[in-house]
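Subject: Structure handover

Hi,

Here is the structure I promised to pass on. Please open it alongside this email, and then read through my notes below.

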Amino acid sequence: MAPNSNIKLSFPEQDIACLTFDLPDKGANILSRPVMEELAGYLDTLAQRDDIVGVIIDSAKPSIFIAGADINEFAASMEVDEKRTYEMCRWGQDLFGRLHANKWLTVAAINGTCVGGGTELALGCDRRIVSTHEKTEIGLPEVKLGIYPGWGGTVRLSRLVGLGNAVKMITSGESVSPQKALELGLADDVVPAEKLVPAAISMIREEQKTGQYLNDRAQRIKPIAINETELGFLGATASAYIQQQTKGQYPAPLAALETLLGGAMVDAQSALEAEAQGMAKLFGTPVNAALINVFLLTDRNKKDSGVEGEGPKPRKLESASVIGAGIMGSGIAAANLKRGLTVTLNDANPEALQRGASAVLDEVSFDKETRSKNVERAIHYAGRLHSTTSGDELLGSDIIIEAVVENLELKRKIFAGLEEKLPAETILASNTSTLPITKLAENLKHPERFVGIHFFNPVRKMKLVEVIRGEHTSDETAATAVAYAKGLGKFPIVVNDGPGFLVNRLLFPYMNEATQLLQDGVDMKRIDKIATKFGMPMGPVALYDMVGIDTSFYAGRTMYDAFPERTLVSPILPALIKNERLGTKKGYGFYNHEKKKGRPEPDPMALELIAKYVEAPEREITDEEIQHRLILPMLLEATRALDEGVVRDPRDVDLGLVFGIGFPPFKGGLLFWADTVGAKTLIEWLQPLQELGNRFAPTEMLLEMAKTDSKFYDRSSD
Ligand code: NAD
C-alpha cells in the first residue's frame with residue numbers, strides 16, 4: 001500500500017483544506033497507528049502553509065465517520081508495560097491536540113458512526129457538525145472494552161459538555177444521537193449529510209471574522225468551573241450508581257469517573273497527564289483482555305459466512321412468514337419487520353394471532369428515545385405486516401420460519417403441507433429448541449432447503465441465533481440463514497444437529513448440578529449467589545423459575561435420553577411440577593414470585609419438597625466447590641461438543657455462551673476463561689469432585705491439553 005493512502009487531502013476552496021478518511025478495502029475507517037501517522041504527516045504539511053484558514057475532517061464511507069482505534073492492535077499489545085501504554089496515550093493526545101493548535105480552525109464533519117478514537121479526534125477539532133443520517137451517533141464506548149478514553153477524551157469532553165454530561169457518556173459508554181449531541185453542545189450544528197462540507201465552510205468563514213474559536217481554545221485549557229461541593233455530590237451519586245451497575249466486576253467505569261473528577265479542578269495539560277497515567281493501569285488487565293476478546297468474537301462473527309471456504313453466495317431474503325404467533329413467533333416477526341422485511345404472521349388460533357400481531361406492532365412502534373409508541377412508525381409497519389390464519393398466504397415468502405408448540409408430529413405435518421405448494425427456492429426453517437433438525441426434515445422432498453434457526457427468548461434482546469444444520473441442509477441454505485440472521489442484527493453460529501444443539505446442551509449441566517447441590521443440602525440462595533458472583537447473570541435455581549420448571553424438566557429428559565451415563569435425574573423437578581410449582585409464570589417455583597417488591601424469597605412449599613430428598617454429605621461444602629460444580633460440568637460438555645464437531649470453532653462456543661446465556665463478558669467466554677486458568681489447574685479442580693460421579697471425569701481433550709500445555713484457542717482456525 002502506498003504511504004499516504006488512507007486519508008485524502010483536497011481543497012474545497014483555495015484556503016480551506018479537507019482531510020477525508022477513506023481506508024482502502026475496508027468498510028470502516030479505523031485509527032490504526034499508520035493511519036494516525038498519516039494524519040500527523042498531513043498536519044505537518046498544512047502547518048507549513050500560511051494561506052490556510054480552515055481544515056475540515058470528514059469521511060468518504062457512506063455511514064461511518066471513524067469507528068475508533070484498531071482493536072486488533074490493542075489485542076496484539078496486551079503484554080506491553082505501563083510506560084509504553086502511557087506513551088501511546090500521550091502521543092494520541094498530542095496528535096489530536098494539534099487539531100486546535102494552529103491558527104486555522106478545524107471542523108469535524110461527521111456523517112455516520114463516530115465512536116472511541118473517532119470521537120476523541122472530533123473532540124480535538126474546534127467545531128463539530130453532524131449529519132442527520134440515521135446511522136450518525138457519537139460516543140465513547142471504551143469502558144465496554146475495560147478501558148477509558150485515553151487520547152484526551154475525558155479531558156476534552158468534560159470541558160465541552162460539562163462534567164456531569166461527560167461522566168454520564170463516558171462511564172456508560174452509550175452513544176448519543178445528533179439531536180442529543182446538539183443539545184449537549186457536543187455538536188455545533190446538525191445538517192443533512194450532503195450539506196456537511198458547505199456548512200463547515202460557512203462556519204470557517206464566519207469564525208474567521210469573529211475569532212470566537214480562539215476564545216474557546218483559551219477557555220478549554222483551564223480547569224472546569226465547578227465547586228468542591230458540586231464535585232463531591234456528583235462523585236458520590238455517580239460512584240454509587242456505577243457500583244450498582246457493575247457489581248464490582250467491571251473496573252473501568254469507576255476508574256473513568258476518578259479520572260474525570262480528578263481532571264476537573266486542574267488545567268487541561270495536568271488532566272491529560274493524569275488521564276494517560278490512569279489508562280496505563282487499566283490497559284492489559286485481565287478484564288480488558290477478556291472484553292477485547294468478546295469484541296473480537298463479534299467481529300469475527302461478522303466476517304464468518306457460516307460455511308467453509310468460498311462457499312455459495314447467500315441469497316437475499318426480502319419477505320418472511322412466521323408460523324405460530326406466540327412468544328417466539330411474535331418476537332421473530334418483529335425482528336424481521338424492524339430490519340425491513342415484509343412479514344406474514346400465521347397462527348391456527350385467531351385469538352392467539354390477534355394477540356401476537358398486536359405484540360409485534362407494540363414492539364416495532366416503540367420509540368426508545370421518547371419511551372412511548374410512535375404513531376407514524378406504527379402506521380408504517382402495520383402496512384408491512386400481514387396476519388392470517390390461512391396457510392396458503394405464506395407461500396410467496398422467501399423464508400418460512402415455524403415457531404409453533406414443541407411437537408415433532410405437528411411440526412412435520414406443517415412442513416409436509418407447505419412443501420407441496422412451495423417454490424423450490426423457499427427456505428424452510430424451524431425455531432425448535434430441542435427437536436432434531438434431521439428428524440424434522442425426514443419426510444421432506446427437499447431437505448436441503450431445511451434448516452434450524454434457533455432464536456433465544458426474548459428475541460428483541462438476545463443477540464445469539466443458532467443456525468442448525470440437519471444432515472441434508474445445503475451450504476447455500478446454511479449460508480443464506482447466516483446472512484439472514486446477521487441482517488436481523490444477530491450473531492449467528494452454525495452448529496450441527498444434536499441434543500440441545502450447543503447452548504442448551506452446555507447450559508443443562510450447569511442447571512442440573514444445582515439440583516444435586518440442593519439434594520446435598522445447600523441453600524438455594526447460596527447456590528444462586530455463588531453463580532452470580534462468578535458473573536452469571538442469574539443463578540441456576542432462579543433460572544429454573546424463569547425458564548419454567550416443566551419446560552426445564554422436559555428439556556432435561558432429552559439430555560438424559562442422549563447422555564444417560566453422565567446425567568443424573570433429580571426427583572425435585574417432578575415433585576415441584578406435581579405441586580404446580582412451575583416457576584415465574586405461575587407465581588411460584590423454587591422461589592415465591594408473588595410479592596412484587598424486593599428479591600423473591602425461597603417458596604416454603606419448595607423448601608419442604610426439597611427437604612424430603614436432602615442427603616447432606618458429612619464434609620463441609622465450600623463456596624469454591626459449589627462454583628466448580630456449577631461451571632466445570634459446562635466446560636467438560638463444551639470439550640465433548642468440540643470433539644463431536646457440534647461447533648466449527650472454539651470461539652463459537654464462547655460467542656454462543658456470552659450472547660446466548662450471558663456468560664460473563666468480563667471473563668471473555670467459557671473457553672477463554674478456561675485458557676486463562678489452564679488445563680492442568682482445571683484437572684486439579686476436578687480431582688476432588690470425581691467421587692461425586694463420572695460427570696466430573698476429565699475428558700480426553702482436557703487431558704491432552706494438560707499434557708501438551710495447550711489452549712482451547714490453539715484449536716481455533718484463526
Ligand atoms: P407459544 O406457546 O408461546 O406459541 C406457540 C403458538 O403456536 C401458539 O400461539 C399456538 O396457537 C400456535 N400454533 C399451534 N399449532 C399451530 C398450527 N398448527 N399452526 C399455526 N399455529 C399454531 O410457544 P413459544 O414459546 O413461542 O415456542 C414456539 C417454539 O419456539 C417452540 O418450538 C419452542 O421450543 C421454541 N423456542 C421457545 C423458546 C422460549 O423460551 N419460549 C426459546 C427458543 C425456542
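Start with the records. The UniProt entry, which is unreviewed, lists residues 500-592 as "domain: 3-hydroxyacyl-CoA dehydrogenase C-terminal". In this predicted model, that span is 61% helix and 2% strand. Its end C-alpha atoms lie 29 Å apart. The unreviewed entry also lists residues 321-497, as "domain: 3-hydroxyacyl-CoA dehydrogenase NAD binding". Residues 321-497 are 36% helix and 24% strand. Here the end C-alpha atoms are 23 Å apart.

**Domains**

The chain is divided into domain 1 (7-290), domain 2 (319-497) and domain 3 (504-715). The centres of domain 1 and domain 3, taken over C-alpha atoms, are separated by 43 Å. Domain 1 and domain 3 do have contacts: five residues of domain 1 meet nine residues of domain 3.

**The cores**

The largest nonpolar core has 93 residues. Which of them touch the most other members? They are Leu502, Tyr510, Phe590, Met634, Leu670 and Phe712. Helix H26 (residues 623-643) gives the largest share of this core, 10 residues. Where does the core lie? Domain 2 and domain 3 both give residues to it, so the core lies between them.

Now look at Leu670. Leaving out residues up to four places away in sequence, Leu670 touches Leu506, Ile631, Met634, Leu635, Ala638, Asp654, Leu657 and Phe663.

There is also a second, separate core, of 73 residues. Among its members are Ile147, Val161, Ala187 and Leu234.

**A buried glutamate**

Find Glu513 in helix H20. Is Glu513 buried or exposed? Its relative accessibility is 2%, so Glu513 counts as buried. Beyond residues up to four places away in sequence, Glu513 touches Arg629, Leu630, Arg695 and Phe696.

Take helix H22 (residues 540-547) to begin with. Its buried residues are Pro540, Val541, Leu543, Tyr544 and Asp545. What covers them? The cover includes helix H20 (503-519), helix H21 (524-534), helix H23 (549-562) and helix H24 (572-578). Strand S20 (591-592) and H26 are also included in that cover. Gly548 follows H22, with a positive phi near 110 degrees.

Next comes helix H8 (residues 196-210). H8 has 15 residues, so at 1.5 Å a residue it should span 21 Å. Its end C-alpha atoms are 21 Å apart, which agrees. The buried residues in H8 are Leu196, Ala199, Ala200, Ile201, Met203, Ile204 and Glu207. An α-helix has 3.6 residues a turn, so residues three or four places apart point the same way. Just after H8 sits Gly211, with a positive phi of about 70 degrees.

How many disulfides does the structure hold? Cys114 is in no disulfide, and the nearest cysteine sulfur, that of Cys125, is 9.4 Å away. The cut-off for a disulfide is sulfur atoms within 2.5 Å. Cys114 is buried, with a relative accessible area of 0%. Cys125 counts as buried too, at 3% relative accessibility.

**Backbone details**

Most residues other than glycine have a negative phi, and most peptide bonds are trans.

- Asp25 is not a glycine, yet has a positive phi of about 60 degrees. Asp25 is in the loop between strand S2 (16-21) and helix H1 (33-47). With a relative accessible area of 80%, Asp25 is exposed.
- Lys247 is not a glycine either, and has a positive phi of about 50 degrees. Lys247 is in the loop between helix H10 (228-246) and helix H11 (252-264). With a relative accessible area of 63%, Lys247 is exposed.
- Asn457 and Pro458 are joined by a cis peptide bond, with omega about -5 degrees. Pro458 lies in the loop between strand S17 (450-455) and strand S18 (464-469).

Over to you.

Best wishes

Methods:
Residues are numbered from 1 along each chain as its sequence is written. This is a predicted model: local features need pLDDT of at least 70, side-chain atom pairs count only at pLDDT 80 or more; totals for chains, interfaces and linings use all residues. Side-chain values use heavy atoms; hydrogens and water are left out. A nonpolar core is a set of buried Ala, Val, Leu, Ile, Met, Phe, Trp, Tyr and Cys residues joined through side-chain atoms within 4.5 Å. Buried means under 20% relative accessible area, exposed over 50%, partly exposed in between (1.4 Å probe, protein chains only). Helices (H or I, at least four residues) and strands (E, at least two) are DSSP runs, numbered from the N terminus. Domain bounds come from an automatic or database domain assignment. Contact means heavy atoms within 4.5 Å. The expected span of a helix is 1.5 Å times one less than its number of residues. UniProt positions are given in the numbering used here, feature names are shortened, and annotations may be inferred rather than shown by experiment.
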